[in-house]
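Please open the model in a viewer and keep the selection panel at hand.

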Amino acid sequence: MFDREVINRFQAYATPFYYYDMSLLRETLSKLKCAADKYGYTVHYAVKANANTRILSEISSYGFGADCVSGNEVVRALECGFPASKIVFAGVGKSDEEITTALKNDIFCFNAESLQELEVIDKIAGTMGKVADVALRLNPGIDAHTNKCINTGLADSKFGIDFNKLDEAVTFVQKLSNTKLVGLHFHIGSQILDLEPYRLLCNRSNEMQGKLGYMGLELPEINLGGGLGVNYEDPDSQMIPDFERLMDTIHANLKVKDGQRVHFEFGRAVVAQCGTMVSRVLYIKPATQTNFAIVDAGFTDLIRPALYGARHLIENLTPHRSECETYDVVGPICESTDVFASGIPLPKTTRGDLLAFRTAGAYGEIMASQYNLRNLPNVYYSDN
Ligand code: LLP
């Protein structure tokens with residue numbers, strides 16, 4: 001995917017590093033905007049996927065909102081140009097301090113995940129003389145058929161309130177004096193490639209709206225969460241996710257009342273393909289079954305393979321010998337799980353080669369750590 005000129009620039013960069021293709025990001029944002037505008041849907045970017053300030057500022061400039069899961073994300077989103085009126089705040093464990101930060105900044109809405117949390121939000125809002133707008137995050141009981149580590153909509157998930165308990169939750173909020181119920185929120189998981197779970201989610205939302213109708217309630221906001229997946233195996237075949245197909249599916253299946261607004265919270269689909277992690281090969285160590293290609297990036301730089309068993313396409317960027325060999329690509333961290341890939345074919349690889357770990361823009365840089373007292377990865381942009 002990278003042309004010679006870009007690869008030549010990489011030679012001067014200190015590895016390991018993240019490289020962001022800003023024109024791909026802009027193209028992705030334009031496509032997302034078109035797909036959402038077609039039906040008047042509102043999109044909030046899920047800041048957790050990548051909170052790099054340049055990336056955030058680019059995204060906010062398209063008029064999107066932000067989906068935050070910590071007080072610090074709320075503050076970062078504001079600093080990067082997202083208006084408070086377009087910020088939602090989710091998460092099962094919002095601290096009192098974080099709730100206060102969000103209220104102080106008059107964010108659009110809290111996605112509340114338990115009755116006790118509602119009580120706390122209400123109390124804090126009361127002491128601040130404010131009214132908190134909340135959406136109930138309902139656990140819809142839908143299997144998104146994704147990696148079990150990132151499936152969130154099943155009945156035993158820690159997230160949200162059981163959809164069977166909608167009446168109880170609504171009655172509970174209605175008794176609170178500093179909290180206003182404005183909507184329903186759902187999120188079924190992440191890296192979802194099949195649209196069927198979204199169709200089921202629409203059905204669940206319709207059913208919940210029916211129940212609200214019986215209670216004489218019509219809420220202005222419906223938030224269907226994020227989760228649209230990307231192509232990790234063959235990124236070049238689909239650099240921009242098919243937002244239009246998803247929105248068409250939602251439009252065809254979701255019942256929307258007059259004046260009701262539909263929201264999404266996409267993270268991965270927005271930023272995954274524009275980011276690549278690049279690392280240099282330190283050593284080649286032949287072993288009985290394989291060759292270890294020991295690189296200078298570890299799970300401290302890109303944790304998805306070690307944490308979720310995720311796979312990123314690895315390409316050797318150094319112009320090459322055509323002969324292929326089999327490698328286990330591993331990092332330098334003192335942990336056996338510091339493995340990016342096992343038994344993969346690569347053109348014969350030698351010390352000093354640059355390897356690209358594709359589709360790393362989401363949940364890459366932001367999940368980096370300093371374990372082993374390592375440096376955080378460097379960051380470069382296509383339009384530096
Ligand atoms: N909304 C809520 C309530 C969420 O929990 C998430 C992601 C999103 C939106 C954004 O989902 P996305 O569009 O990015 O799929 N670190 C994992 C992914 C964790 C996702 C957590 N929640 C990974 O590297 O795959």
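Begin with the ligand and its shell of 18 residues, of which S190, E265, R304, Y308 and Y363 come nearest; a residue is near a molecule if one of its heavy atoms lies within 4 Å of it. This is a predicted model, in which local features need pLDDT of at least 70 and side-chain atom pairs count only at pLDDT 80 or more, whereas totals for chains, interfaces and linings use all residues. Residues are numbered from 1 along each chain as its sequence is written, and side-chain values use heavy atoms, with hydrogens and water left out.

Next, select S190, where a polar side-chain atom lies 2.3 Å from an oxygen atom of the ligand. At E265, an N or O atom of the side chain is 2.6 Å from a nitrogen atom of the ligand. At G267, a backbone N or O atom lies 2.9 Å from an oxygen atom of the ligand. On its own the ligand has 590 Å² of accessible area, and the protein covers 92% of that (Shrake-Rupley method, 1.4 Å probe). Strand β10 (261-266) and helix α11 (304-308) each supply at least two residues of the shell; helices (H or I, at least four residues) and strands (E, at least two) are DSSP runs, numbered from the N terminus.

Now move to helix α6 (residues 115-127). Its 13 residues should span 18 Å at 1.5 Å a residue, and the end C-alpha atoms are 19 Å apart, which agrees; the expected span is 1.5 Å times one less than the number of residues. Which residues of α6 are buried? They are E117, L118, I121, D122, I124 and A125, where buried means under 20% relative accessible area (1.4 Å probe, protein chains only). Their cover includes α5, β5, β6, α7 and β8. After α6 comes G129, whose phi is positive, near 65°.

T179 counts as buried because its relative accessibility is 8%. The side chains of T179 and D122 make a polar contact at 2.8 Å, that is, a donor and an acceptor among N or O atoms within 3.5 Å.

Finally, display the largest nonpolar core, of 103 residues: buried Ala, Val, Leu, Ile, Met, Phe, Trp, Tyr and Cys residues joined through side-chain atoms within 4.5 Å. F110, L136, L184 and V329 have the most contacts inside this core. Helix α2 (residues 22-39) contributes the largest share, 7 residues. A second, separate core of 12 residues includes F2, I7, F10 and A356.

Note on methods:
Buried means under 20% relative accessible area, exposed over 50%, partly exposed in between (1.4 Å probe, protein chains only). Contact means heavy atoms within 4.5 Å.
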